[in-house]
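This explanation goes through a predicted model.

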Amino acid sequence: MHVIKNAKHCRLKYNEFRIVWSSFFKIIVCLFARLLSPTVIMWSSLVIVVAGLPFVTSATTDYAQSPPVYPTPSGRGTGFWTAAYENARDLVGQMTLEEKVNITRGFTISDNVCAGNTGSVPRLEWPGMCLHDAGNGVRGTDLVNSYPSALHVGASWDKNMTYERAYYMAKEFKAKGVNVILGPNAGPLGRTPLGGRNWEGFSVDPYLSGQLNAKTIIGHQDAGVIANIKHFIANEQETYRRPYFGVEAVSSNVDDKTLHELYVWPFMDGVRAGVASVMCSYNRINSTYACENSKLMNGILKAELSFDGFVLLDWNAQHTLASVNAGLDMVMPGGGSLGSNLTQAVHNGSISEDRVTDMATRIVAAWYLLGQNGTDFPFPGVGMKNLTQSHEQVDARIPESKPVILEGAIAGHVLVKNNEALPFAKNPTMLSVYGYDATVPRTKNTDTLFQLGYTSSEEMGQAVLGTVQHFNQAARGGTVVTGGRAGANAPAYIDDPLSAIQKRARVDGTWVNWDIISFDPDVNAASDACLVFINAIATEGWDREGLHDDFSDGLVLNVASKCANTIVIIHAAGIRLVDQWIEHPNVTATIIAHLPGQDSGEALVQLLYGEAAFTGKLPYTLAMNESDYAVYSPCGLSPGNDVDPQCDFTEGVYIDYRAFDARNITPRFEFGFGLSYTAFEYSLLSVEPLDFDTDDDDEDSLWDIVATVNATIKNKGSIAGAEVAQLYLGIPNSPPKQLRGFEKIPLSPEESGEVSFQLTRRDFSVWDVVAQEWIVQKGEYSIYMGASSRDIKLTGSIEV
């Protein structure tokens, strides 16, 4: 370790995220460290935090480098891993080198269509494992369900429902013979709102993402299936996400503080929850590919986070044989650079057999941890067959999942505008329905469109990965219930809005008009309400080109010009701006319906008619303008550099509401916002700080409860509802507010209930890049409790 000491309060650790700096510049950095308080020094850029606002000088010529961290820490096999490791060590101890190598790689098996299959060890009756997509339900097969996508679940802010969804979803994977679910997603977090895979994650906020990832992992693994949290790490765009046509993958140049406080944070929760597998990502981090990056895999994941499971290569991600010593444990979908090369490397001494033993042990331990050695686990891939060939019907659906799917679909709808238009005061005599998103897609069969979730956007089904595409931001081929490619799921049916409305109309005697084709439809002037359905699609492989489209906005304005009670419903795979029409006086209500899964129509009808309550909140900030986001577009190639895309994360931890608050920008609808059919009152805030030592650097003490915050919530309305009480902490020398707790509390009219938040030491901590540990600063910590990040009802403080 090279340490520069220039003054009492200035010490630079030069082995973390290195930049080639001149000695003179190092001295200048140290002088800033002496003169400015507080100061935070970071290694892919110099970041000086003054009064909570970052000033960043980015290294534009000398790109950040990830330092080597060796050797790979061996799995410890302690705590809840103890029995699994004992069994794994016993089994792996009986394997030959070739057998151990065999289970660290993928094979193509004609008998199933699993996304990946490991090798097996028939001599020891180890059957191998099937790995398959993804975090929102089983993809590309039959007789399974389409659950609400992760973004929709994030909008529910419901930890219990998140667990139930994960549990029943995993039971379907298990019934199909899938050992490893390739999810949930903690990355991308959502640095850019244009991110093509943002919908696969729960939220742009690391705390909300971490809590729901943890609940999902526990649910998956309680059902007996290995969860795989992905993509590790800073995998924040699809543009140049991996090497294509001679161009390297983008390098996410992230400073150490930002990496820990923003992007590592939800992975910490995942490891804490017991996740058995982590997927390394396609991109580079500080100029080193993630699946070759020893700093990330060895240094952070396996050492700092004490991860005892196995690290899995994203499919065909960049790697070399050296990735083994960097911490990679399994490659997919084939042998890649491993296979026989790994065997030869052991024989020539470049890789130790102990390392291969550790790889195999980590994999087999995960298998034992989830009880997959038991007689109730099906043979790998038993229900994953080519749908166009003769195959046995393996029905993975169970009745117990039905209410979970419907309630989850309801919970992720967010009501953002309501001028007393909803719920319908009485059963409407006449409804008019407009927009391409109101109806079912033309096909849902066995083809590529079905397998990749493109049934509403046929143009996406023709696109080749790695090529430049300019997709229509609206999927005008029908309603969307999921996003595209790996994160898509397979709906048993699609209950589209128009069908659900007509089903209800048949019971109530409502007259229904519809035009799902026209841009400027005629409107029956006697309509009680006009419902306009639009959408915004997103997919793995390409980032979005915008946050709205002119056709859809024009459709809304055209209908609103003729109908005094226009209600807009948006199915959206991410942020969708509304400022083209949100203030139109005839737009009386707006619903962000996200991606509800197969029960989309029924969920919406129950909300429109008041048979279910709106309880969802935005898991992101909805801006007035694209320029309001601290980071808007994904990074591209710079002039004179056509093969080496670089992306400096100069915004640090200031993304989404953190940036809006720090820059004092008014959003259209803030993070955590969502209307209800009732009203809630907050009162009786109490803060109970416990004594804790700010100098305590014990790793386990991060999870100690150091404060409790309580409050009373009352439903003041005449309708039952549920409030999501949100707790934000103002940490010194950090963004003005950071989410550190949330509880969803159902309340009947006039009923009161208490919410309680237990804050851990980690909740108060920041990452010290010099000490290389989490620390709690001395000072005042502001407490904010409210209905959103800006609708603060109660305040307090804790002095540390």
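Begin with helix α2, residues 82–92, and helix α11, residues 353–369, which pack with their axes 8 Å apart and at an angle of about 130°. Angles over 145 degrees would count as roughly antiparallel and those from 65 to 115 as roughly perpendicular; α2 and α11 are therefore oblique to each other. The crossing of α2 past α11 is right-handed.

On the α2 side, the contact is made by Ala84, Tyr85, Asn87, Ala88, Arg89, Leu91 and Val92. Their counterparts in α11 are Thr357, Ala360, Thr361, Arg362, Val364, Ala365, Tyr368 and Leu369. By class, the residues of this contact between α2 and α11 comprise 10 nonpolar, three polar and two charged.

Seven cavities of 30 Å³ or more are found in the structure. The largest cavity holds about 200 Å³ of space. It is lined by 20 residues, and those closest to its centre are Gly190, Asn198, Val204, Ile575 and Tyr620. The lining of the largest cavity consists of 13 nonpolar, five polar and two charged residues.

The second largest cavity contains about 120 Å³ of space. Its lining has 15 residues, with Gly453, Tyr454, Thr455, Val481 and Thr482 closest to the centre. In this second largest cavity, the lining divides into seven nonpolar residues, seven polar residues and one charged residue.

Notes: Residues numbered from 1 in each chain as written. Predicted model: local features only at pLDDT ≥ 70, side-chain atom pairs only at ≥ 80, totals over all residues. Heavy atoms only, no water. Axes fitted to C-alpha atoms, helices over the stretch in contact; angles between N-to-C directions. Helix = DSSP H or I, 4+ residues; strand = E, 2+ residues; numbered from the N terminus. Parallel < 35°, antiparallel > 145°, perpendicular 65-115°, else oblique. Left-handed = near helix turned anticlockwise from the far one by under 90°. Contact = heavy atoms within 4.5 Å. Nonpolar A, V, L, I, M, F, W, Y, C, P; charged D, E, K, R; others polar. 1 Å grid on protein atoms, 1.4 Å probe; cavity = no way out; pocket = protein on both sides within 12 Å on 5 of 7 lines; lining within 4 Å. Points joined across faces, edges and corners; volume = space filled by probe spheres on them.
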